[in-house]
Amino acid sequence: MELLSAPFFLAFSVLRIIFKEIRLAVVGESPGLKSGESVVESEIMMLVRRAIAGAKILLVEDNPVNQEVALFILEDFGLHVDVAENGSLALARLQAAAPGYYDLIFMDMQMPVMDGLTATREIRKNPDFGKLPIVAMTANVTPEDRQGCFQSGMNDFVSKPIFPEELAKVLLRWIPPRAAGDLAWEAT
Ligand SMILES: [Mg+2]
């Protein structure tokens with residue numbers, strides 16, 4: 001399910017180029033944008049940059065390609081991202097950070113040392129992290145799998161492979177917008 005596959009990496013590279021093209025078009029540096037659908041997708045992404053830039057994300061993921069894809073998208077949104085390679089390292093990071101430091105966790109399901117469901121149950125045992133949004137990143141999309149995510153204490157999930165607009169929607173759902181004076185986003 002989580003293979004370091006060359007075709008996927010190639011597809012990601014293409015996605016990255018298209019994504020940059022759309023951004024350039026929307027901020028007016030290129031007149032090439034024609035698709036209305038692309039504008040709508042980019043508006044969601046721009047809204048993320050305006051509303052929650054600077055938010056702190058803990059990305060818990062063991063697969064290097066998935067890490068890179070998620071990091072690229074989240075950092076492009078102007079978010080600060082720390083990466084933990086398994087659930088155990090995620091717990092250590094959370095405990096080392098001040099309560100309230102992280103705004104949201106993206107949690108892979110299958111990882112060595114400690115999987116996502118176990119990590120989520122452990123995180124929820126600490127009242128400091130009782131309301132911290134935890135979003136599963138999973139290729140498993142059966143109703144049973146979803147139920148398992150929620151029962152462990154997760155709030156939401158995104159399916160893999162991940163796409164920018166899907167991440168944007170889930171981020172806006174769970175992270176309150178910053179006050180207008182805090183906005184870090186600017187058109188570049
Ligand atoms: Mg994994």
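Author: What follows is an account of the sheet, its strands, its neighbouring helices and a few of its loops.

The model is a predicted one, in which local features need pLDDT of at least 70, side-chain atom pairs count only at pLDDT 80 or more, and totals for chains, interfaces and linings use all residues. Residues are numbered from 1 along each chain as its sequence is written.

Helices (H or I, at least four residues) and strands (E, at least two) are DSSP runs, numbered from the N terminus. Five strands form an open sheet in the order E2-E1-E3-E4-E5, with parallel pairing; two strands pair if DSSP finds at least two bridges between them. At the edges stand strand E2 (80-84) and strand E5 (156-159), each of which pairs on one side only. On average, neighbouring strands of this sheet are turned by 20 degrees against each other, direction ignored. For such angles, axes are lines fitted to C-alpha atoms, for helices over the stretch in contact, and the angles run from 0 to 180 degrees between N-to-C directions.

Consider E3. Five of its five residues are buried; a residue is buried if 20 or more other C-beta atoms lie within 10 Å of its own, exposed if 12 or fewer, and partly exposed in between, with C-beta atoms placed from the backbone. Leu104, Phe106 and Asp108 point one way from E3, while Ile105 and Met107 point the other way. E3 pairs with E1 in the parallel sense over four bridges, and phenylalanine 106 in E3 is the bridge partner of leucine 59. Four bridges also join E3 to E4, again in parallel, and here phenylalanine 106 has valine 135 in E4 as its bridge partner. Between E3 and E4 the chain passes through H5, and this β-α-β crossover is right-handed. A crossover is given that name if, with the strands pointing away from the viewer, the path from the first strand over the helix to the second runs clockwise.

E4 is likewise mostly covered, with five of its five residues buried. Ile134, Ala136 and Thr138 lie on one side of E4 and Val135 and Met137 on the other. Four bridges join E4 to E5, and the two strands run parallel. Methionine 137 stands opposite valine 158 in E5, and threonine 138 stands opposite serine 159 in E5. E4, H6 and E5 make a right-handed β-α-β unit.

Now turn to the helices. H5 lies across E1, E3 and E4 and runs at about 150 degrees to E3. The buried residues of H5 include Gly116, Leu117, Ala119, Thr120 and Ile123. Seen down the axis of H5, its buried residues fall within an arc of 160 degrees, so they line one face of the helix; the arc is that of the directions from the helix axis to the C-beta atoms. An α-helix has 3.6 residues a turn, so residues three or four places apart point the same way. Among the elements that cover the buried residues of H5 are E1, H4, E3, E4 and helix H6 (143-152). H7 lies across E3, E4 and E5, running at about 170 degrees to E5.

Valine 60 touches, among others, Ile105, Phe106, Met107, Gly116 and Ala119, not counting residues up to four places away in sequence. Two residues are in contact if their C-beta atoms, placed from the backbone, lie within 7 Å.

Finally, the loops. Valine 113 is in the loop between E3 and H5, and its phi is near 70 degrees, a positive value in a residue other than glycine. Valine 113 is exposed, with 12 other C-beta atoms within 10 Å. Proline 161 lies in the loop between E5 and H7, where a cis peptide bond joins lysine 160 and proline 161, with omega about -5 degrees.
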